[in-house]
Amino acid sequence: NPEPMETAELKQLASTLVTLVANSMGSHSVCLLLRSFHGDNFETYSYFGSRPIQKLSSAASKLLSSALSSNGGLLTVNGDDLKRVPSFDILDEGAIEPSLQNNFELIVPLKSRDSVIGMLMLSPKVSDDYYTTEDRMLLTEVSKRIGSTFANAYEYERMQKKQKDLIDRILAAMPHSVLVVN
């Protein structure tokens with residue numbers, strides 16, 4: 001199983017982002033998925049809402065990432081955006097079904113250097129209004145600005161994990177020696 005990121009600062013950043021987006025957009029729920037350390041899967045990292053969410057399949061998360069990269073912006077789940085993505089034709093209905101069961105309306109990419117590192121998934125608004133053009137523009141701008149912040153925090157956590165793994169391997173290889181690490 002992929003290990004989720006565990007940095008306290010990253011968790012706080014994710015929680016703050018999800019809460020701010022949900023409250024400012026008036027969404028029933030908002031889910032933040034971030035790329036796992038191992039592979040191209042996306043893991044639910046932070047969630048704001050009252051209902052539990054269904055996990056996206058590996059195939060669906062990879063195709064969503066691809067669609068967000070090629071589309072260049074946010075996707076409307078219940079609109080024509082997903083129908084225009086050729087790669088979704090190969091998905092069986094069961095693979096994308098969880099995102100529809102979650103009742104998400106918009107998927108906003110978090111990008112860093114043209115790579116999708118995460119996704120914000122927004123449910124319909126509490127008011128039952130549609131997301132306006134201004135809402136979409138704001139979400140796009142926020143995602144552009146926050147993407148590199150998440151990428152930096154992600155890279156820091158990944159390097160911390162590698163350093164810890166290296167120290168553990170060194171210690172395991174030298175069971176009778178004394179090692180001082182500053």
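The bend at a residue is the angle between axes fitted to the seven residues ending there and the seven starting there. In this predicted model, helix α4 has a kink of about 30 degrees, centred on I146.

**Helix α4**
- With 41 residues at 1.5 Å a residue, α4 should span 60 Å, and this agrees with its end C-alpha atoms, which are 59 Å apart.

**Strand β5 and its partners**
- Strand β5, which covers residues 115-122, is largely enclosed by the rest of the structure, because seven of its eight residues are buried.
- Strand β1 (residues 30-35) runs antiparallel to β5 and is joined to it by five bridges, and within this pair L34 stands opposite G118 of β5.
- Strand β4 (residues 106-112) is also antiparallel to β5, with seven bridges between the two, and here P109 has M119 of β5 as its bridge partner.
- The strands β4 and β5 form a hairpin in which two residues lie between them, and R113 in the turn has a positive phi of about 50 degrees.

**The loop residue S123**
- S123 is placed in the loop between β5 and α4 (133-173), and its relative accessible area is 1%, so this residue counts as buried, a word used for values under 20%.
- The side chain of S123 comes to 3.2 Å from the backbone nitrogen of H28.
- When neighbours within four places in sequence are left aside, S123 is in contact with S27, H28, S29, N103, F104, E105 and Y131.

**Nonpolar cores**
- The largest nonpolar core has 23 residues, of which V21, L32, L120, L122, L139 and F150 touch the most other members.
- Two or more residues of this core are given by each of α1, β1, β4, β5 and α4, and the largest share, seven residues, comes from α1.
- L122 touches, beyond residues up to four places away in sequence, a set of residues that includes V21, M25, V30, F104, L106, V108, Y131 and L139.
- Another core, of ten residues, lies apart from the largest one and has C31, F42, I107 and M121 among its members.

Methods:
Residues are numbered from 1 along each chain as its sequence is written. This is a predicted model: local features need pLDDT of at least 70, side-chain atom pairs count only at pLDDT 80 or more; totals for chains, interfaces and linings use all residues. Side-chain values use heavy atoms; hydrogens and water are left out. Buried means under 20% relative accessible area, exposed over 50%, partly exposed in between (1.4 Å probe, protein chains only). Helices (H or I, at least four residues) and strands (E, at least two) are DSSP runs, numbered from the N terminus. Two strands pair if DSSP finds at least two bridges between them. A polar contact is a pair of N or O atoms within 3.5 Å; within protein, one must be able to donate a hydrogen and the other to accept it, and residues adjacent in sequence count only if both atoms are side-chain atoms. Contact means heavy atoms within 4.5 Å. The expected span of a helix is 1.5 Å times one less than its number of residues. A nonpolar core is a set of buried Ala, Val, Leu, Ile, Met, Phe, Trp, Tyr and Cys residues joined through side-chain atoms within 4.5 Å.
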